[in-house]
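Open the model in your viewer and keep the selection panel at hand. The stops below tell you what to pick and what you will find there.

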Amino acid sequence: MNLKFSVLLSVYYKENSRFLDDSLSSIIKYQTITPNEIIIVKDGNLTESLESVLTKYISEYPSILKVYGYSINKGLGYALNYGLKKSSNEIIFRMDSDDIADSLRFEKQLKVFQENKNNLAI
């Protein structure tokens, strides 16, 4: 499968840094097919522990992880729309910062896209 895709997450200061770490691991380390881009929108200023998790993944995966944000929390809807505009792919999978993706998630979803590409507006 040669489809390029993004994963979009928003994070804000009340999130649990351990959950964010586990979520990013499930996207990057444990997938059978990894995204070529992960877009994270910082919805306002974050805690030190959340920033630490992001810094770790940015240093480990600088070509995949793209982090954007702004200083004042504007809400999930605004953050996701902001992130959509930053994506370089037409296929964008959405996750929350505490979601754990099954290792076959993207492979299965991309298979459905390929099998139905004539019926999809992508």
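Select Lys111 and Glu115: their side chains meet in a salt bridge, 3.9 Å from N to O. A salt bridge here is a side-chain nitrogen of Lys or Arg within 4 Å of a carboxyl oxygen of Asp or Glu. This is a predicted model, where local features need pLDDT of at least 70 and side-chain atom pairs count only at pLDDT 80 or more, while totals for chains, interfaces and linings use all residues. Residues are numbered from 1 along each chain as its sequence is written, and side-chain values use heavy atoms, with hydrogens and water left out.

Stay on the pair. Lys111 and Glu115 are about one helical turn apart, because four residues separate them in helix 4. Helices (H or I, at least four residues) and strands (E, at least two) are DSSP runs, numbered from the N terminus. Lys111 is partly exposed at 45% relative accessibility; Glu115 is exposed at 54%. Buried means under 20% relative accessible area, exposed over 50%, partly exposed in between (1.4 Å probe, protein chains only).

Next, colour the rest of helix 4, residues 105–115. Which residues of helix 4 are buried? Phe106, Leu110 and Phe113. They cover an arc of only 50° around the axis, so they lie on the same side of helix 4. The arc is taken from the directions from the helix axis to the C-beta atoms. Turn to the other side of helix 4: Lys108 and Glu115 are exposed there.

Now show what covers the buried residues of helix 4. The cover includes strand 1 (5–11), helix 1 (17–28) and strand 4. Contact means heavy atoms within 4.5 Å.

Move to the loop between strand 4 (91–94) and helix 4, and pick Ser97. Ser97 is buried, at 3% relative accessible area. Its side chain makes a polar contact of 2.8 Å with that of Glu15. Such a contact is a pair of N or O atoms within 3.5 Å; within protein, one must be able to donate a hydrogen and the other to accept it, and residues adjacent in sequence count only if both atoms are side-chain atoms. Beyond four places in sequence, the contacts of Ser97 include Leu9, Val11, Phe19 and Ser23.

Last, return to the salt bridges, five by count. Select Asp96 and Arg94, bridged at 2.5 Å, N to O. Asp96 is partly exposed at 32%, and Arg94 is partly exposed at 30%. Finish at Lys42 and Glu51, whose closest N and O atoms are 3.1 Å apart. Glu51 is partly exposed, at 27% relative accessibility.
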